[in-house]
Amino acid sequence: MTNTSPATKADTSKLEAESRNATKAQLIEFWYYFSQNKGAVVGLVVFALLVLTAVLAPLIAPHNPDFQYRDSFLVPPFWEEGGKATFILGTDAVGRDILSRLIFGARLSLLVGVMVVTIALTGGIVIGVVAGYMRGSVDTFIMRIMDIILAFPSLLLALVLVAILGPGLINAMIAIAIVLQPHFVRLTRAAVLSERSRDYVVAAKVAGAGHLRLMFKTILPNCLAPLIVQATLSFSNAILDAAALGFLGMGAQPPTPEWGTMLAEAREFILRAWWVVTFPGLAILITVLAINLVGDGLRDALDPKLKRS
Amino acid sequence: MSLLEIRNLKVEFDTAKGPFKALDGVDYKVDAGEVLSIVGESGSGKSVAMLATMGLLPDSATITADKMEFEGLDLRTLSAKEKRKVIGRDISMIFQEPIASLNPCFTVGFQLSETLKAHTELKGKQIKDRVIELLTSVGIPDPAGRLNAFPHQMSGGQCQRVMIAMAIACSPKLLIADEPTTALDVTIQKQILDLLVKLQQDSGMGLIMITHDMGVVAETADRVIVQYKGRKMEEADVLSLFENPQNPYTKALLSALPENATGDRLPTVSDFAEAGGF
Amino acid sequence: MSDDVILKVRDVYRTYDIKGGLFKKASQLTAVKGVSLDVERGSTLAVVGESGCGKSTLARMLTMIDAQTSGSIEIDGLPIDISKTGISKEMRQKVQIVFQNPYGSLNPRQKIGHVLEEPLLLNTDMPSSERRDLALQMLQKVGLQPEHYGRYPHMFSGGQRQRIAIARAIMMKPKLLVLDEPVSALDLSVQAQILNLLADLQDEMGLTYVFISHDLSVVRYIADKVMVMYFGEVVEYGTREEVFDNPQHDYTKTLFAATPQADVESIKKRLAAKAA
């Protein structure tokens, strides 16, 4: 028995290589199923470009997003009559370059998505795991509260919350996160419920694992697949809701170049200058669509039920 | 003419790790009134063959065969509609998980009459009578009272009886049973096997029994096909297979049965693999 | 030898409360009714019965997953009553379990090495290098390779997974191993390998087995003593020879009669009956 020890020590690096291979094989399999879905790949590319744009915004934006060119109010895009080559997508009512504002707006939109999903996901997972694992009265209590939140129309609830917290992008994000949270709680709870009675959980219990370890180390990693999918879909939802709040004047405040706020500011010029509303609207549409496509692909790759044998 | 004749059947699945050959050129032949047992371990392709015949494999499977005939009817060239006519009426199948094979939302009586409506000309009262007759023939106590029972209100053995009733509802010429007793207790298994053999003898249909259990083979089969990793290892009538197995794999399987244990250790398939080279 | 009893169970009951619904009254179900048994060190007791006979409930009580409702369980001189005293590390080291379904009993997101190290991590203060060495040794002991250490469960066949499950169970060097239908989900040839492995481990580590099964041919092969359960009660209890050669209870006889016979004589008899 003991004489195997030296031999195994020498193999350490080999073992680690094996271990890495196993992880790599998982990733390769994931990518195979993900890439089967062409839409998802397109979505991923668009999303990657978007992230790149947001990160490099100061470098690629042709103008300062807040600078007002006094001589160029409501200049149309360059291919229209009267357009200027310096303002590719035209300018808004106070002479700011729309393209630059859209590029900087991408930063805000992605920030909103990331923050909202992080808050909602963390909270949702903790509450959901506790509810699903504890069962009984704790479960009932938590789920009734979530039911109450879900009973409100989501945007209305977000509006009320922002009204209480005060308008602003941060408060809007918190409000949206609270509104989206119950979905994560329900999803986590359902996944935990189906996993907690599985043999491997019982085996970990027999091995001596405590409640916290069982909840977060044993059960949770096996519940992540549906959560990841829900997280991507919520990401686009959050962007949409933030835009809606911005449009209603409760989100990001002017002159912040947020897409929803840009739409709101452009409202009165819809008839005269189509470009001031069209481009922010398109930006929101494309982003949300791309993220939803990625979400679909993730579902294909992660949900074993949809996997083809 | 045989009831079902398949020659050189190949089935391939597309997977993340490239194509996977589930069946590699296997022949099957069943005559009316015969019990053929296809025996093998998991991965031997024993279920795949019959699922391919029934057209129940997912799209990722590629099926090729030199010949695939049911009563002289070429199953490869039939349209989907014509195939549905044959399958369900002339060929039917029962599965391993009886409770999962029944729709939990509907009563047993309803599900049976649906099958009859789809494949026969019977109407109204005739259907009900036939359903009760079927339930009686598969040995369900109080069949008239059981008509309104839901699957979850019955035991696994009873559900399997209902599945059998459904499968024989249209007096099929061929019944395929895919591990029909694996999920059941031994005493229930005995009853179900006896029932299947009795129904087969009474009606003279062909019966294909797919199983991994040598005991089940010994209790039911006339002829046996032993499969391993998608290939046929041996085909023989049941007595000569057990008395004098030819293929090393068959020998290995038989000697791995705990009841045949002679010494302290059970021989395993790998002990034979080296000698037999399969 | 006869004095060296490692597992002593006396008159154990287990009842479950079935919650009443809107239209249903709450009721009670007794899954195990007054079971008593003794298992000697190094021997194998087989518990036989059909689904719902309480054999798995018994296994869950022996492995401290559930508490007994009444009665006493004593493992290696240590009284077990987790509803009153809870579970100590000492108790946990006495007994482990191997489940029926090797596909469900391993955490799909946990690499094999971590599966094996988890009991050590939770119950000892061993440094990680020592844990790894022990896990690697254990892999070899159950007939696997060191390079399996870093792989995920889904990369293994059913038989290999059952080896891993067995390895995990004996990591803490328990005295008693409860095997809940350990081979019934496996192919025949793999079943033989696992049974051989269990026999080897029993010789080497002096393990005591409580082997739960519905398969009489396996039981006949592996058991020293046999206990037959029917609806929560013990209907037959004795040495293998006593039970198999001279069954007393009607249920045991039915069980024997229902077991498929795979010998040539029975086949000849059946074919003759069919021809007639």
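A crossing of two helices is called right-handed if the near helix is turned clockwise from the far one by less than a right angle. Keep that in mind for later in the tour; what you have open is a predicted model.

Start in chain B and select the open sheet. Its six strands come in the order β7-β8-β9-β3-β10-β11, with mixed pairing. At the edges you'll find β7 (91-94) and β11 (231-237) of chain B, each pairing on one side only. Going from one strand to the next, the twist averages 15°.

Now pick out β3 (residues 35-40) and β10 (residues 223-228) of chain B: they run parallel and are joined by five bridges. Click on B:S37, and across from it in β10(B) is B:V224.

Keep α7(B) on screen and bring in helix α4 (residues 108-119) of chain B. The two pack at an angle of about 20°, their axes 9 Å apart. Angles under 35 degrees count as roughly parallel, so α4(B) and α7(B) are roughly parallel to each other. Here's the crossing from the opening: it is right-handed. To see who makes the contact, show B:V108, B:Q111, B:L112 and B:T115 of α4(B), plus B:V162, B:A165 and B:M166 of α7(B). By class, that's five nonpolar, two polar and no charged residues.

Last stop: chain C, where 27 residues are in contact with 29 residues of chain B.

Methods: Residues are numbered from 1 along each chain as its sequence is written. Chains are lettered from A and ligands numbered from 1 in the order in which they are written. This is a predicted model: local features need pLDDT of at least 70, side-chain atom pairs count only at pLDDT 80 or more; totals for chains, interfaces and linings use all residues. Two residues are in contact if their C-beta atoms, placed from the backbone, lie within 7 Å. Two strands pair if DSSP finds at least two bridges between them. Helices (H or I, at least four residues) and strands (E, at least two) are DSSP runs, numbered from the N terminus. Axes are lines fitted to C-alpha atoms, for helices over the stretch in contact, and angles run from 0 to 180 degrees between N-to-C directions. Angles under 35 degrees count as roughly parallel, over 145 as roughly antiparallel, 65 to 115 as roughly perpendicular and the rest as oblique. Ala, Val, Leu, Ile, Met, Phe, Trp, Tyr, Cys and Pro count as nonpolar, Asp, Glu, Lys and Arg as charged, and the others, Gly among them, as polar.
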